[in-house]
Amino acid sequence: MGGTVGMILYFVVIIAVFYFLLIRPQKKRDKQTRDMIDAIKVGDDILTIGGIRGTVARIKDDRFFIETSKQDKTVIEIEKWAIKDVLKYVEDK
């Protein structure tokens with residue numbers, strides 16, 4: 001009887017450790033990424049998962065239209081999930 005209870009308790013502890021070390025931090029990172037993408041507005045500088053940098057020119061549903069070249073006015077349409085980061089530039093004064 002004691003061995004069975006000990007084994008069940010052992011599995012509960014293992015599951016709790018996996019939850020707090022692996023699952024919970026990943027969910028927190030996913031939420032931060034979702035919040036960051038939802039906060040993007042026209043004019044923000046972004047980086048895609050493919051390494052393309054650009055400025056958001058227009059937003060339509062789950063798509064972003066980013067301007068990659070100011071000189072040529074090149075605009076690329078990307079999906080919302082393809083955004084890796086919002087770039088924040090600090091201007092030197």
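The legends below describe an overall view and several close-ups of a predicted model.

**Figure 1. Overall fold of the predicted model.** The protein contains 1 helix and 5 strands, and the order of its elements from the N terminus is α-β-β-β-β-β. Its C-alpha atoms occupy a box of roughly 75 × 35 × 20 Å along the principal axes. The radius of gyration is 22 Å, whereas a compact globule of 93 residues would have one near 12 Å. Of the 93 residues, 20% are buried. Among contacts with a separation of 6 or more, 35% join residues 24 or more positions apart.

**Figure 2. Aspartate 44 in the loop between α1 and β1.** The loop that holds aspartate 44 runs between α1 (2-38) and β1 (45-48). Aspartate 44 has a relative accessible area of 16% and therefore counts as buried, the cut-off being under 20%. A polar atom of the aspartate 44 side chain lies 3.0 Å from the backbone nitrogen of lysine 41. Leaving aside residues up to four places away in sequence, aspartate 44 touches Ala39, Gly54, Thr55, Val56 and Val86.

**Figure 3. Lysine 60 in strand β2.** Strand β2 covers residues 53-60 and includes lysine 60. With a relative accessibility of 44%, lysine 60 is classed as partly exposed. The C-alpha atoms of lysine 60 and glutamate 79 are 9.8 Å apart in space, and the two residues are separated by 19 positions in sequence.

**Figure 4. Aspartate 61 in the loop between β2 and β3.** Aspartate 61 is placed in the loop between β2 and β3 (63-69). Its phi is positive, at about 55°, although aspartate 61 is not a glycine. Most residues other than glycine have a negative phi. Aspartate 61 is exposed, because its relative accessible area is 68% and the cut-off is over 50%.

**Figure 5. Lysine 73 in the loop between β3 and β4.** The loop between β3 and β4 (74-79) contains lysine 73. Lysine 73, although not a glycine, has a positive phi of about 60°. The relative accessibility of lysine 73 is 56%, so this residue counts as exposed.

Methods. Residues numbered from 1 in each chain as written. Predicted model: local features only at pLDDT ≥ 70, side-chain atom pairs only at ≥ 80, totals over all residues. Heavy atoms only, no water. Helix = DSSP H or I, 4+ residues; strand = E, 2+ residues; numbered from the N terminus. Rg over C-alpha atoms; globule rule 2.2 N^0.38 Å. Buried < 20%, exposed > 50% of the residue type's maximum accessible area, 1.4 Å probe, protein only. Contact = heavy atoms within 4.5 Å. Polar contact = N/O pair within 3.5 Å; in protein donor to acceptor, adjacent residues only side chain to side chain.
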